[in-house]
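Visitor: I would like to learn how to read a model like this one. Please take me through it feature by feature.

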Amino acid sequence: MYRKECAALYREHRALFDKWMLQMCNGFNLLLYGFGSKRPLLEEFRTTVLKGFTSLVVNGYFPSITVKNILNSITEDMYRKECAALYREHRALFDKWMLQMCNGFNLLLYGFGSKRPLLEEFRTTVLKGFTSLVVNGYFPSITVKNILNSITEDLIEHRGSFRSVTDQCDFIKDHYESGEYEDIFLIIHNIDGSMLRSDKVQTVLSVLAQIRGFHILASIDHINGPLIWDQTKSSRFNWLWYDVTSYNAYTEETSYENSLLVQQSGALALSSLTHVMKSLTPNAREIFMLLVKYQLENKDNASYIGLSFHALYQRCREAFLVNSDLTLKAQLTEFTDHKLIRYKKSVDGVDHLYIPLDEATLTDFVEQQAET
């Protein structure tokens, strides 16, 4: 019924194209409003006026569109040639990196954008004939025990256990320094990751860096990342810094940020847990350790949902940690505020307490507390 009128309106808007271009070239941005779809008009503006320019279309009505998608499109599509040129520049340094590592230095890559593709290509090409171990520091459940176990079990093929992390480090050092010389390359993605940035983990990694034949090639992304090393650790690592800005999306590194695993352990990373424990009273720490040890004792029990309040109260009374259930409830409230514990109801409606951390992190925490 109104075909002619709609066509006339469209011609009126189309006549503004040159004006729009002039205004945008003078620093203005344009916002189109009014009843009816603006998509055909914008599409014609893009295919005619902007034909010789670089443009990017964002469909805001897509249900899955995110700001990350938009930024990825800008870096990957609009600057594909520039990013490829940067990558070739960094790749040309591979032989130099290998020479420097063989002369006792360790390499630390920094700069905006993911370093994972570059490190992975270095591993699959230059290090093809060498023994290498990849550590994904962005994993929400990675622990120093995982790293050391990978060396002793996968590389050394030792099946025994160790009393502490220190004993395991000593064993690795004795093995590689008493036998024939062997080059071992540790590739650490995000050495400043939330689960690796604690003082204990960095101390262990710096000790590994000093073992004969060990070489570390790591990436760092946090702007304050270098603050995790004091003078002693920096001296052990013997870093050479390289700016390898790539503008690549952190697709792999951020793939766990919204997972259930991060919700459970990310907020309760070992470093955060240790920090919270220092603020608690001695009795509160003992109560929490009771929960930790009980949970580890039941790690193989598939039906385990936690320790009931009554059972915990009895254990605390026997250890002379509380004198009433009110005292224990007040302490548990503090644990809950710090997100140290959670509650889960059993089939009969009884509240059970559990710590939302995986077994490896809890084991590492117990060892850490035993050493302090």
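This is a predicted model: local features need pLDDT of at least 70, side-chain atom pairs count only at pLDDT 80 or more; totals for chains, interfaces and linings use all residues.

Visitor: What is the mean pLDDT of the chain?

Guide: pLDDT is the predictor's confidence in each residue, from 0 to 100. Here the chain averages 86, and 94% of its residues reach 70 or more. Residues 258-268 have a pLDDT below 50. That stretch still has 22 contacts in the model beyond near neighbours in sequence. Contact means heavy atoms within 4.5 Å.

Visitor: How many helices and strands does the chain have?

Guide: Both are DSSP runs, numbered from the N terminus: helices are H or I with at least four residues, strands are E with at least two. This chain has 17 helices and 8 strands.

Visitor: What radius of gyration does the chain have?

Guide: The radius is taken over C-alpha atoms, and the globule rule is 2.2 Å times the number of residues to the power 0.38. A compact globule of 372 residues would come out near 21 Å, but this chain has 28 Å. Its C-alpha atoms fill a box of roughly 90 × 60 × 35 Å along the principal axes. Among contacts with a separation of 6 or more, 72% join residues 24 or more positions apart.

Visitor: What share of the residues is buried?

Guide: Buried means under 20% relative accessible area, exposed means over 50%, and partly exposed lies in between (1.4 Å probe, protein chains only). Buried residues make up 39% of the 372.

Visitor: Which residues touch the most other members of the largest nonpolar core?

Guide: A nonpolar core is a set of buried Ala, Val, Leu, Ile, Met, Phe, Trp, Tyr and Cys residues joined through side-chain atoms within 4.5 Å. The largest one has 33 residues, and Ile172, Ile191, Leu208 and Phe214 touch the most other members. Elements giving two or more residues include strand 2 (131-136), helix 9 (165-178) and strand 4 (214-219). Helix 10 gives the largest share, 5 residues. Now take Phe214: beyond four places in sequence, its contacts include Ile151, Ile172, Tyr176, Leu186 and Leu208. Apart from this core lies another, of 29 residues, among them Met289, Leu291, Leu296 and Phe365.

Visitor: How many salt bridges does the structure have?

Guide: A salt bridge is a side-chain nitrogen of Lys or Arg within 4 Å of a carboxyl oxygen of Asp or Glu. The search of the whole structure finds 10. Start with Glu120 and Arg123, whose closest N and O atoms are 2.4 Å apart. Both lie in helix 7 (residues 116-125), 3 residues apart, about one turn of the helix. Glu120 is partly exposed at 26% relative accessible area, and Arg123 is partly exposed at 25%.

Visitor: Which parts does the Lys145 and Glu367 pair tie together?

Guide: Their side chains meet in a salt bridge at 3.9 Å, N to O. Lys145 lies in helix 8 (residues 144-155) and Glu367 in helix 17 (residues 359-371), so the pair ties together parts 222 residues apart in sequence. Both residues are buried, with Glu367 at 15% relative accessible area. Leaving out residues up to four places away, Glu367 touches Lys145, Val165 and Lys200.

Visitor: Which residues are linked in a network of salt bridges?

Guide: Asp199, Asp230 and Lys233 are.

Visitor: How many disulfides does the structure hold?

Guide: A disulfide is a covalent bond between the sulfur atoms of two cysteines. The test is a pair of cysteine sulfur atoms within 2.5 Å. This structure holds 0. Cys25 is exposed, at 60% relative accessible area, while Cys83 is buried, at 12%.

Conventions:
Residues are numbered from 1 along each chain as its sequence is written. Side-chain values use heavy atoms; hydrogens and water are left out.
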